[in-house]
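Please have your viewer ready.

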Amino acid sequence: MPTRWVIERSNAWVERCKILVKNFERTLVNATAKLNLCFIRLMLKRIATHEI
């Protein structure tokens, strides 16, 4: 059950990333890079809000 929650939560975070809403990338490398950028942005937001 905890693994399912983590996956569902991650999918919800990705859906909030507007660049990934419509994925028309031709290569897996580009799609993976956009996904990584989305998660990096989310993690930076969380770090920034916890330090204040």
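Let's begin with Leu 44, which is exposed because its relative accessible area is 53%, and exposed means over 50%. Do keep in mind that this is a predicted model. Leu 44 sits in helix α2.

## The chain as a whole

Stepping back, the protein chain holds two helices and zero strands. Of its 52 residues, 13% are buried. The accessible surface of the chain is about 4900 Å², and carbon and sulfur atoms account for 64% of that area.

## A patch of positive charge

Which residues gather in the patch of positive charge on the surface? They are Arg 9, Arg 16, Arg 41, Lys 45 and Arg 46. Helix α2, spanning residues 28-51, gives the most to this patch, with three residues.

## Cys 17, in the loop between the helices

Now turn to the loop between α1 (2-15) and α2, where you will find Cys 17. Is Cys 17 buried or exposed? Cys 17 is buried, because its relative accessibility is 5% and the limit for buried residues is under 20%.

What does Cys 17 touch, leaving aside residues up to four places away in sequence? Its contacts are Cys 38 and Arg 41. Arg 41 is also one of the residues of the positive patch. Along the chain, Cys 17 and Arg 41 are 24 residues apart, while their C-alpha atoms are separated by 9.1 Å.

## Leu 35 and Val 14

One more pair deserves a look. Leu 35 belongs to helix α2 and, at 34% relative accessibility, counts as partly exposed. How far apart in space are Leu 35 and Val 14, C-alpha to C-alpha? The distance is 7.6 Å, although the two residues are 21 apart in sequence.

## Helix α2 in review

Technical notes. Residues numbered from 1 in each chain as written. Predicted model: local features only at pLDDT ≥ 70, side-chain atom pairs only at ≥ 80, totals over all residues. Heavy atoms only, no water. Patch = residues over 30% accessible without salt bridge, like charges linked within 9 Å, V, L, I, M, F, W, Y side chains within 5 Å. Areas by Shrake-Rupley, 256 points an atom, 1.4 Å probe, with all protein chains shown as cover. Salt bridge = Lys/Arg side-chain N within 4 Å of Asp/Glu carboxyl O. Lys, Arg positive; Asp, Glu negative; His and termini not counted. Charge placed at Lys NZ, Arg CZ, Asp CG, Glu CD. Helix = DSSP H or I, 4+ residues; strand = E, 2+ residues; numbered from the N terminus. Buried < 20%, exposed > 50% of the residue type's maximum accessible area, 1.4 Å probe, protein only. Contact = heavy atoms within 4.5 Å.
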